[in-house]
Amino acid sequence: MSLIIHQLESFGTLDGPGLRGVIFLSGCHKRCRYCHNADSWQISGGETWPENEIYNWIMRNRNYYLKNGGITFSGGEPLLQASALERLCRRLKKEGFHIAIDTAGVIMDQDVENLLKIVDLVILDIKHVDPDTFLWLTGENMEITLNFIEILNELKMEYWIRQVIVEGVNDTTLEIEKLEKLTYSKYRSKIELIPHHNMGRHKWPSGCRVKRLEAVETSEEIMERLNQALLFFSKKDKTNETISRPMEI
Ligand code: SF4
């Protein structure tokens, strides 16, 4: 079997714990309004790699990945290629690799469930906590992603929640509080807030059915404020202690 690959990164440090080989798969049917990887949308734009070649690419740096990192499959939407991924991941698990999948969580079928059962970590991107804004930003119903979280909980899988912070879209502490509560679970081990940037702007295809959201790059001040709020709400959920609330709720 083969996988269609958009890009490879030998030593990534942002997509999962430790030093990782990151494999960006081609294809995504969504059109999120501030997607940074619009050039990965078309599956036909990727390169077909037989499973053995990807396996060998990973093995070149296996000692680094096995030390404290692993392999992350990102995209695009990696779950579109769940069946082929499952085969590869089974081989990698036998070698002891930690495997993460970075997904928007909008696909669930038997192939996806089979894959999830053998990976170690899901990094789940959630664009917004308000259903209407979620729909506007992604073109999808938020319920689909919430159901995906439910299945992760049923499978007792570790997952991280990720949200890109965009000024004027989801930059209030109230929205961070909702995100924390909406996704709270003993299987959720982390929430990551990521500042929006415009580096992927030039990749947006002309004539796209969805207009790209024009937004400024998120400031350090906003990220600092929201990360502090996240810390506060996370502690509050875990301990039920009364601690003073952060400013600007
Ligand atoms: S799901 Fe990810 S790759 Fe697909 S459009 Fe949205 S941000 Fe881009």
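In which sense do S6 and strand S7 (residues 158-165) pair, and over how many bridges?

Reply: They pair in the parallel sense, and five bridges link S6 to S7. Keep in mind that this is a predicted model, so local features need pLDDT of at least 70 and side-chain atom pairs count only at pLDDT 80 or more, while totals for chains, interfaces and linings use all residues. Numbering starts from 1 along each chain, as its sequence is written.

Strands (E, at least two residues) and helices (H or I, at least four) are DSSP runs, numbered from the N terminus. Two strands pair if DSSP finds at least two bridges between them.

Now the whole sheet. This is an open sheet of eight strands with mixed pairing, in the order S3-S1-S2-S4-S5-S6-S7-S8. At its edges are strand S3 (47-50) and strand S8 (188-195), each pairing on one side only. From one strand to the next, the twist averages 30 degrees (axes are lines fitted to C-alpha atoms, and angles run from 0 to 180 degrees between N-to-C directions).

On the S5 side, strand S6 (residues 121-125) pairs with S5 in the parallel sense over four bridges. There, Asp102 stands opposite Ile123 in S6. Right-handed here means that, with the strands pointing away from the viewer, the path from the first strand over the helix to the second runs clockwise.

Next along is strand S4 (residues 70-74), paired with S5 in the parallel sense over three bridges. Ile71 has Ile99 in S5 as its bridge partner, and Thr72 stands opposite Ala100 in S5. To get from S4 to S5, the chain goes through helix H3 (residues 82-94), and this β-α-β crossover is right-handed as well. S4 also pairs with strand S2 (residues 20-25), in the parallel sense over five bridges, with Arg20 standing opposite Gly70 in S4.

How covered are S4 and S5? Call a residue buried if 20 or more other C-beta atoms, placed from the backbone, lie within 10 Å of its own; 12 or fewer makes it exposed, and anything in between is partly exposed. For strand S5 (residues 99-103), five of the five residues are buried, so the rest of the structure largely encloses this strand. S4 is mostly covered, with five of its five residues buried.
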